[in-house]
Amino acid sequence: MSSAHNALVRLSASELVGKLQKGEVRSVDLAQAFIASCDKNEPAIQAFLHLDRQAILDAAEHSDSRRKAGEKLGPLAGLPIAIKDNMCQKGVPTTCASKILKGFKPPYSATVVERLQAAGAVPFGKTNLDEFAMGSSTENSAYQTTRNPWDTTRIPGGSSGGSAAAVAGCLAPLSLGSDTGGSIRQPASLCGIVGLKPTYGLISRYGLVAFASSLDQIGPFSHDVTGSALLLQALAGHDPRDTTCVNQPVPDYLADLDKPLAGLRVGVAREFFGEGLDSQVEKAVRAALDVYKSQGATIVDVSLPTSPHAVATYYLVATAEASSNLARFDGVRYGHRTERKGNLIEQYSRSRGEGFGAEVKRRIMLGTYALSSGYIDAYYLQSLKVRRLILQDFEKIFSQCDVLAGPTAPTAAFKVGEKSSDPLAMYLSDIYTISCNLAGISGISIPCGFTDNGLPIGLQLQGPQFAESKLLRAARMHEKATDWHTRRPALVG
Amino acid sequence: MSLELDQVRWVAHLSRLELSEQELSSLGGQLASIVKYVDQLRAVNTEGVEPMAHALDLVNVLRDDAIVPSLPVSEALANAPARVGDHFAVPAVLD
């Protein structure tokens, strides 16, 4: 990779947009730089399931010719953006990292993909994930295991591990992920970048392959807070094709982003600093709290008493919804169909048995069990009641503070294979992120330090529903006072 | 709460998942330990608490009953594993 290319791929999204708008670089230059970066490091990182270099160069050239012709361009014009492979892009393979969708090409694009294109972005490949977004390490992909760019013997987190690793490894400046229980924030934390899970209903889920419909939400990955705000701005807002996407005005997330919040109250839940939290992670998070104190923020001691029950609640709600959502994969209209002859029920069961991987089967089974006659009251309905108690905890917390701060994940990135044989241990790596989805509130992970062996650590900030402006501004306050977001992994060069 | 093999087999049937004997036994063990973990929720006092299926107070949305273009048949069938004419082909359901 040339040094000019290398200098470009290290830049933040807003710096690249600035250079495009000033005419200092062309979209084709960016496309070539990021493709060169992929040529160099994708074999080690394996972030992408699909990367059509020619289609990317063509889209970039098209963007440049529009700019040259003086056409009015969108805010992301010419910028490459990678897309998690559970979002439909018309005519482009969309697999959810599952064998059951091998070769599937959607006949339509997700609303988020249409909005990216309307904003002028250049779609830059489809990224790896845990199959159907079920997992916390990206090891559940049926195709490949994505590696953490900071240490390729380790996982990037999950389920949006490909999208996180693509940005962290400077293979793309921005990417889209989806977050059902932490699948944006946890990999952002483990990869040393920014990842935002917006409020439920802020971004359309039309064309996002459903995992747990009442929890799923699409959001951005970026090197810095401004990048996430930029991408959120392009994605947020009502979509008549998703009835859960709220119809209310979208604020200008960039307008006051750099303005510190006066009198900020930062809540710290004691439950987030208990057993299981790595001491180096705790140290970095406490240092981040000191950064807020030094800027005049008040630290408020709060409590999330339902926190110990969040993982159990999540694994009933999410699996129940998944067992229903994934019923559509039956080998009739699209996807894998068994070669073995049999009746219709056998065809369903064999196609699904052959097409789904172990974790997906496990979750469909758990969800079916929780919804089955004789168990639905004890498991599913009880989990929905505890879910309300979790929401009430947050309502109380946000009457006492503006944002809730804590670790995003209990440890830094673990080794490939370390937890893959113990599903429950894997589930517990989402312990701090899961309540956010159950309550439908907003959450962000930002870099706040490194372990002694050079692995990134993330600070999670959570805010009330539709409080993204405040959340992003609070995140930016920490970012302005630190330089963690400017670090790049050694393999970038 | 332990999961008997017959119970695992029944849940697999309800889930429309054909599983090998080996999968049935390994999944049975894993599900038993997960179910044991989620059993902690039984001890939470939820008396008088309304179940919460959704995070937002949303009402149903209806669109105008207007004709809009739909997916052309050729595109709708493009991913079909098997087709007969303009239809998805499946094994006979009725004798």
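## Salt bridges

The side chains of A:E24 and A:K22 form a salt bridge, with an N to O distance of 3.9 Å. This is a predicted model, and all values below were computed from it. A:K22 is exposed, its relative accessible area being 63%, whereas A:E24 is partly exposed at 45%. Side chains of opposite charge can pair when their charged atoms come close. Over all chains, the structure holds 29 salt bridges.

Another salt bridge joins A:D39 to A:R53, whose closest N and O atoms are 2.8 Å apart. Because A:D39 belongs to helix α3 of chain A and A:R53 to helix α4 (residues 53–68) of chain A, the pair ties together parts that are 14 residues apart in sequence. A:D39 is partly exposed, with a relative accessible area of 46%; A:R53 is likewise partly exposed, with a value of 32%. A:R154 pairs with A:D151, the closest N and O atoms being 2.9 Å apart, and A:R154 counts as buried at 13% relative accessibility. Salt bridges also link A:R340, A:R350, A:E354 and B:E18 in a network.

## The sheet and its edges

Chain A contains an open sheet of eleven strands with mixed pairing, in the order β1-β3-β2-β4-β6-β5-β10-β11-β9-β7-β8. Its edge strands are β1 (48–50) and β8 (298–302) of chain A, each of which pairs on one side only. From one strand to the next, the twist averages 30 degrees.

A:H50 has A:K126 in β3(A) as its bridge partner.

## Strand β10 and its partners

On one side, β10(A) is joined to strand β5 (residues 194–197) of chain A by three bridges, the two strands running antiparallel. Here A:K197 stands opposite A:G443 in β10(A). Strand β11 (residues 456–463) of chain A also pairs with β10(A) in the antiparallel sense, over eight bridges. Within that pairing, A:S442 has A:G463 in β11(A) as its bridge partner.

β10(A) and β11(A) form a hairpin with five residues between them, and A:G454 in the turn has a positive phi of about 80 degrees. How many residues of strand β10 (residues 442–450) of chain A are buried? Eight of the nine are buried, so the strand is largely enclosed by the rest of the structure.

Helix α6 (residues 161–168) of chain A lies across β1, β2, β3, β4 (174–179) and β6 (217–222) of chain A, and runs at about 155 degrees to β4(A).

A further helix pair consists of α5 (residues 111–118) and α8 (residues 225–235) of chain A, whose axes come within 8 Å and cross at roughly 110 degrees. Because angles of 65 to 115 degrees count as roughly perpendicular, α5(A) is roughly perpendicular to α8(A). The contact brings A:V112, A:R115 and A:L116 of α5(A) against A:L231, A:A234 and A:L235 of α8(A).

## Nonpolar cores

In soluble globular proteins, nonpolar side chains tend to be buried together. The largest nonpolar core here has 160 residues, and those with the most contacts inside it are A:L76, A:F132 and A:L461. Not counting residues up to four places away in sequence, A:L76 touches A:I81, A:L116, A:A119, A:G120, A:A121, A:L230, A:L231 and A:A234. Another core, of nine residues, lies apart from this one and includes A:V167, A:I184, A:A188 and A:C191.

## Backbone exceptions

Most residues other than glycine have a negative phi, and most peptide bonds are trans. A cis peptide bond joins A:G158 and A:S159, with omega about 10 degrees; A:S159 lies in the loop between β3 and α6 of chain A.

Although not a glycine, A:A97 has a positive phi of about 55 degrees. A:A97 is found in the loop between β2 and α5 of chain A and is buried, with a relative accessible area of 0%. A:C170, not a glycine either, has a positive phi of about 60 degrees. This cysteine is located in the loop between α6 and β4 of chain A, and A:C170 counts as buried at 0% relative accessibility.

Note on methods: Residues are numbered from 1 along each chain as its sequence is written. Chains are lettered from A and ligands numbered from 1 in the order in which they are written. This is a predicted model: local features need pLDDT of at least 70, side-chain atom pairs count only at pLDDT 80 or more; totals for chains, interfaces and linings use all residues. Side-chain values use heavy atoms; hydrogens and water are left out. Two strands pair if DSSP finds at least two bridges between them. Helices (H or I, at least four residues) and strands (E, at least two) are DSSP runs, numbered from the N terminus. Axes are lines fitted to C-alpha atoms, for helices over the stretch in contact, and angles run from 0 to 180 degrees between N-to-C directions. Contact means heavy atoms within 4.5 Å. A nonpolar core is a set of buried Ala, Val, Leu, Ile, Met, Phe, Trp, Tyr and Cys residues joined through side-chain atoms within 4.5 Å. Buried means under 20% relative accessible area, exposed over 50%, partly exposed in between (1.4 Å probe, protein chains only). A salt bridge is a side-chain nitrogen of Lys or Arg within 4 Å of a carboxyl oxygen of Asp or Glu. Angles under 35 degrees count as roughly parallel, over 145 as roughly antiparallel, 65 to 115 as roughly perpendicular and the rest as oblique.
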